[in-house]
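Subject: Structure for you to look at

Dear colleague,

Here is the structure I said I would pass on.

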Amino acid sequence: MDAVTPRHQPVRLRHEIRRRLLTVTAIERVTAQMLRLHFTSPELADFHSPSHDDHIKLFFPGEGDKPEMRDYTPRRFDPAGQTLAIDFALHEAGPATSWAEAAGVGDTLQIGGPRGSTVVPDDFDWYLLIGDETALPAIGRRVEELRAGVPVATFVVGEAQHFDTRAVWTPHWIAREPGSDELESLRKALAGFTLPAGDGFIWIAAEATVARSLRGYIMDERGHPREWTKAAGYWKRGEADAHEKIED
Ligand SMILES: Cc1cc2nc3c(=O)[nH]c(=O)nc-3n(C[C@H](O)[C@H](O)[C@H](O)COP(=O)(O)OP(=O)(O)OC[C@H]3O[C@@H](n4cnc5c(N)ncnc54)[C@H](O)[C@@H]3O)c2cc1C
């Protein structure tokens, strides 16, 4: 950030909307319920994803002529090498999950975007990232991309992963137990966490009701400033293809 840019100011960027056709090059099981698909395409040469919580649209064959679209996070990309990785949190049913589970090397996938990015600068004193498996790709990217030495705590419901980072990362993994309430589990875990001193940015993404409730808890009960809190519903129980920006 240069001297004229105020501290902590998010930068909004628009990108040229393009569709790209990718080919699967490798499939990796990160954990039991998380599948990482590696793709390549010459069309990735000018792919941009400046923010860890960018999303791209994935297009899957639907009924009739209309494709099904779902939002996913560019987990890792290398324009020079023309590669992109996407992590799929597997759940019971849905075109994205079914496609990922059945995918093989050589299969193709069409993607669109990202359409835009909101880049929260890495100039905060600390970060707190909260979410479920669907948020883990964005959380992993943020942890990996943060500057050296900055404290970042993560609270995630789901299977534990390892991220290589220069930041000072404190992970908290909350196992998903059958019948357990993930909102309660996250709130209980967060209750034991003291927000560090200084300016902090808190990022939340999970099932829409859970994310909304956690945002309220962070702002109302923990007194964290609204402008330094960002929350999104990455899916909605009982609803296909749901993305909810949670503002007010
Ligand atoms: C900005 C953004 C980024 C995202 N990034 C990722 C990512 O990188 N990786 C990732 O795995 N997901 C990510 N998601 C979430 C993903 O888009 C949804 O989970 C999506 O609904 C999955 O599509 P589907 O075709 O498998 O299921 P859908 O057809 O959309 O849904 C079928 C049913 O499954 C339920 N459902 C959907 N997702 C889940 C879930 N995770 N667990 C349990 N039930 C579910 C729905 O409520 C519905 O009843 C992201 C979402 C957003 C908005």
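This is a predicted model: local features need pLDDT of at least 70, side-chain atom pairs count only at pLDDT 80 or more; totals for chains, interfaces and linings use all residues.

Domains

The domain assignment of the protein chain gives two entries, domain 1 (12-116) and domain 2 (122-246). Their C-alpha centres are 23 Å apart. Where they meet, 15 residues of domain 1 are in contact with 14 residues of domain 2. On the domain 1 side of this contact, strand S2 (19-31), S5 and S7 each supply at least two residues.

Ligand shell

The ligand is surrounded by 26 residues, of which the closest are Thr73, Ala89, Gly94, Ala96 and Ala240. Both domains take part: domain 1 (12-116) and domain 2 (122-246) each give at least three residues to the shell. Among the secondary structure elements, strand S5 (68-72), strand S7 (83-89), helix H1 (95-102) and S14 each supply at least two residues of it. The shell has 10 nonpolar, 8 polar and 8 charged residues.

Helix H4

H4 covers residues 208-221, and its 14 residues should span 20 Å at 1.5 Å a residue; the end C-alpha atoms are 19 Å apart, which agrees. Its buried residues are Ala208, Val210, Ala211, Leu214, Arg215 and Ile218. They cover an arc of only 160 degrees around the axis, and therefore lie on the same side of H4. The face turned away from that buried side carries the exposed residues Asp220 and Glu221. The cover over the buried residues of H4 includes strand S10 (126-131), helix H3 (182-191), strand S13 (200-207), strand S14 (229-235) and strand S15 (244-246). After H4 comes Gly223, with a positive phi near 70 degrees.

Helix H2

How many of the 10 residues of helix H2 (residues 136-145) are buried? The number is 8, so H2 is largely enclosed by the rest of the structure. The buried residues are Leu136, Pro137, Ala138, Ile139, Gly140, Arg141, Arg142 and Val143. What covers them includes S7, S10, strand S11 (151-157), strand S12 (168-174) and S13. S10 and S13 are also among the elements that cover the buried residues of H4.

Two single residues

Gly192 sits in the loop between H3 and S13. Is Gly192 buried or exposed? Gly192 has 7 other C-beta atoms within 10 Å, and exposed means 12 or fewer, so Gly192 is exposed. Its C-alpha atom is separated by 31 Å from that of Leu35, 157 residues away along the chain.

His172 lies in strand S12, one of the elements covering the buried residues of H2. With 16 C-beta neighbours inside 10 Å, His172 falls between the limits of 12 and 20 and so counts as partly exposed. Not counting residues up to four places away in sequence, His172 touches Ala153, Thr154, Phe155 and Ala189. The C-alpha atoms of His172 and Leu13, 159 residues apart along the chain, are separated by 32 Å.

Regards

Definitions and conventions
Residues are numbered from 1 along each chain as its sequence is written. Helices (H or I, at least four residues) and strands (E, at least two) are DSSP runs, numbered from the N terminus. The expected span of a helix is 1.5 Å times one less than its number of residues. The arc is that of the directions from the helix axis to the C-beta atoms. Two residues are in contact if their C-beta atoms, placed from the backbone, lie within 7 Å. A residue is near a molecule or strand if its C-beta atom, placed from the backbone, lies within 6 Å of it. Ala, Val, Leu, Ile, Met, Phe, Trp, Tyr, Cys and Pro count as nonpolar, Asp, Glu, Lys and Arg as charged, and the others, Gly among them, as polar. Domain bounds come from an automatic or database domain assignment.
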